[in-house]
Amino acid sequence: MSRLKISKYERGEAVPSLDAAKKIASALGVTLDYLSGKTDTELDSATLGRIREISVMPEDDKKQVFLVLDALIRDYKARKTYAQ
């Protein structure tokens with residue numbers, strides 16, 4: 001990708017094609033949703049890889065993973081609240 005194209009994207013003078021946007025997102029290690037401003041949550045490639053692994057698990061295994069995650073998130077929020 002040329003500097004001229006990137007410069008036009010940055011100035012809003014051009015919009016990248018879907019393929020170009022995918023390449024930019026991949027190079028930056030973010031999702032297309034984050035790149036396009038659809039979300040402000042930046043997920044790194046390691047986190048996305050874990051989510052992909054969970055998404056192909058059988059439903060019973062997914063439920064177990066989510067139960068553990070929910071407990072960890074709940075505990076984190078409680079610690080954060082009590083620390084204030």
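Which residues does threonine 31 touch, not counting residues up to four places away in sequence? Keep that in mind as you open this predicted model and follow the stops below.

**Stop 1: threonine 31**

Select threonine 31 in your viewer. You will find this residue in the loop that connects α2 (18-28) with α3 (32-36). Now show its surroundings: leaving out residues up to four places away in sequence, threonine 31 touches Ala25 and Leu48. Is threonine 31 buried or exposed? Its relative accessibility is 19%, so threonine 31 counts as buried, because the cut-off for buried is under 20%.

**Stop 2**

**Stop 3: threonine 41**

Next, select threonine 41, which sits in the loop between α3 and α4 (45-55). How many residues apart along the chain are threonine 41 and threonine 31? They are 10 residues apart, and their C-alpha atoms are separated by 9.3 Å. Threonine 41 has a relative accessible area of 43%, so this residue is partly exposed.

**Stop 4**

Finally, move to helix α5 (residues 59-83) and pick out isoleucine 73. With a relative accessible area of 43%, isoleucine 73 is partly exposed.

Methods
Residues numbered from 1 in each chain as written. Predicted model: local features only at pLDDT ≥ 70, side-chain atom pairs only at ≥ 80, totals over all residues. Heavy atoms only, no water. Helix = DSSP H or I, 4+ residues; strand = E, 2+ residues; numbered from the N terminus. Buried < 20%, exposed > 50% of the residue type's maximum accessible area, 1.4 Å probe, protein only. Contact = heavy atoms within 4.5 Å.
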